[in-house]
Amino acid sequence: MTFTEIAHDSNVSTYRNAYRATWAAAFACYFGLIAIGYPLAGVGTFVVGVAVAVSLRQTYGGPLFDERDREIHRTAADWTVAVFGWAAAVTFPTLVVLEALGRYEWSAWTTTIAGAVFAFYGLYALLLVSVRLRQ
Amino acid sequence: MKNDLPDLREERSLSQADLADAVGVTRQTINAIERGRYDPSLELALKLGEFFDRPVEKIFRLDEE
């Protein structure tokens, strides 16, 4: 690797790391401040963090993220949907059977999670149809 | 896919960073393509073909060829 490449990489890496760290800090402050009883400060810090992250991306001269990064995100998203789907496909029917056998009592939080999973895959199905129609 | 990007770059004395800047991606992406770890999109492959003034199939080829 040449000196130019090292300098180039170092600059890109600095911006990429700063961008990721800003997002991480924004989320940490958001949840942390809300958890300790400062919800407005949490939201305010989060908004500032997002603004800083977006400005970092805008101020960098070249492509900070490119098609390979998008592909990596897509693959990770595919795996997330698959893992989440398989986990739900095993968990909820099992809970239904256990409840029918009297070995499990369906609770409010389980219903909330089931609703969230249903909404998640409902949105996924809608987006699938939408994307398919466009292509 | 295999490709001739390292040779083409060398012929023109270009670094990976130079090529990355020319086609609008990061150096890491050029490096990943050269090492066969990432297959470029059709758009990027066409940009590379245009940059090197070669048809895409003269730069990239399937592994079994």
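**Salt bridges and packing**

Modeller: In this model, the side chains of B:Asp4 and B:Arg61 form a salt bridge, at 3.2 Å from N to O; the term requires a side-chain nitrogen of Lys or Arg within 4 Å of a carboxyl oxygen of Asp or Glu. The model is predicted: local features need pLDDT of at least 70, side-chain atom pairs count only at pLDDT 80 or more, and totals for chains, interfaces and linings use all residues. Residues are numbered from 1 along each chain as its sequence is written, chains are lettered from A and ligands numbered from 1 in the order in which they are written, and side-chain values use heavy atoms, with hydrogens and water left out.

Colleague: Where in chain B do B:Asp4 and B:Arg61 lie?
Modeller: B:Asp4 is in the loop between β1 (2-3) and α1 (5-11), while B:Arg61 is in strand β2 (residues 60-61); the pair links distant parts of the chain, 57 residues apart. Helices (H or I, at least four residues) and strands (E, at least two) are DSSP runs, numbered from the N terminus.

Colleague: How many salt bridges are there over all chains?
Modeller: The search of the whole structure gives 6. Between chain A and chain B the count is 0.

Colleague: What area is buried between the chains, then?
Modeller: About 1200 Å², with carbon and sulfur atoms giving 51% of it; buried area is the accessible area (1.4 Å probe) that two parts lose on being put together, summed over both. Chain A contributes 13 residues to the contact and chain B 15, where contact means heavy atoms within 4.5 Å.

Colleague: Changing topic: at what angle do α2(B) and α4(B) cross?
Modeller: The axes of α2(B) (residues 16-23) and α4(B) (residues 42-52) cross at roughly 110° and come within 10 Å. Axes are lines fitted to C-alpha atoms, for helices over the stretch in contact, and angles run from 0 to 180 degrees between N-to-C directions. The two helices α2(B) and α4(B) are therefore roughly perpendicular, a class covering 65 to 115 degrees; under 35 is roughly parallel, over 145 roughly antiparallel, and the rest oblique.

Colleague: Which residues make that contact of α2(B) with α4(B)?
Modeller: B:Leu19, B:Ala22 and B:Val23 of α2(B) meet B:Leu44, B:Lys47, B:Leu48, B:Phe51 and B:Phe52 of α4(B).

Colleague: And how far apart are the axes of α2(B) and α3(B)?
Modeller: They are 8 Å apart, and α2(B) packs on α3(B) (residues 27-34) at about 110°. Those helices, α2(B) and α3(B), are therefore also roughly perpendicular to each other. Residues in the contact include B:Ala20 of α2(B) and B:Ile30 of α3(B).

Colleague: What of α3(A) and α4(A), at what angle do they cross?
Modeller: The axes of α3(A) (residues 67-100) and α4(A) (residues 108-134) cross at roughly 140° and come within 11 Å. That makes α3(A) oblique to α4(A).
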